[in-house]
Amino acid sequence: MGRRYIPTEEERICHIIAKSMKSKKISRTRLAEELGMAKSTLSQRFSGATEFKLAELIAICDLLDIKIEIGE
């Protein structure tokens, strides 16, 4: 029996963002423009090549109306 893959927190966050973008019909190009970043930079964040900065995640959540909950 193989080991079950467990996504990282960053992968889970990217999945939530991508799902929200799809439901709101917002492209990566538009999101990048709204954030004031290059589309290539946003693509690097989504691919895991570079990590999202906290301020970027907060801005994305604001733009997409994603509720942020911080728990222990």
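A pocket, as the word is used here, is an open set of grid points with protein on both sides within 12 Å along at least five of seven lines, and its lining residues have an atom within 4 Å of a point. With that in hand, here's a quick look at this predicted model: its largest pocket has a volume of about 380 Å³, and the structure holds zero disulfides.

**The largest pocket**

- Count 14 residues around the lining of the largest pocket; Ile-13, Cys-61, Lys-67, Ile-68 and Glu-69 are the ones that lie nearest its centre.
- Two elements give two or more residues to that lining, namely helix H1 (9–23) and helix H4 (54–64).
- H1 puts in the largest share of the lining, with five residues.
- Sorted by class, the lining of the largest pocket comes out as ten nonpolar and four charged residues, with no polar ones.

**The cysteines**

- With zero disulfides in the structure, Cys-14 is in none, and its nearest cysteine sulfur, that of Cys-61, sits 11 Å away.
- Cys-14 has 9% relative accessibility, so Cys-14 counts as buried, the cut-off being under 20%.
- Cys-61 counts as buried too, because its relative accessibility is 11%.

Technical notes
Residues are numbered from 1 along each chain as its sequence is written. This is a predicted model: local features need pLDDT of at least 70, side-chain atom pairs count only at pLDDT 80 or more; totals for chains, interfaces and linings use all residues. Side-chain values use heavy atoms; hydrogens and water are left out. A disulfide is a pair of cysteine sulfur atoms within 2.5 Å. Buried means under 20% relative accessible area, exposed over 50%, partly exposed in between (1.4 Å probe, protein chains only). On a 1 Å grid over the protein atoms alone, a cavity is a set of points where a 1.4 Å probe fits but cannot get out, and a pocket is an open set with protein on both sides within 12 Å along at least five of seven lines; lining residues have an atom within 4 Å of a point. Grid points are joined across faces, edges and corners, and a volume is the space filled by probe spheres set on the points. Helices (H or I, at least four residues) and strands (E, at least two) are DSSP runs, numbered from the N terminus. Ala, Val, Leu, Ile, Met, Phe, Trp, Tyr, Cys and Pro count as nonpolar, Asp, Glu, Lys and Arg as charged, and the others, Gly among them, as polar.
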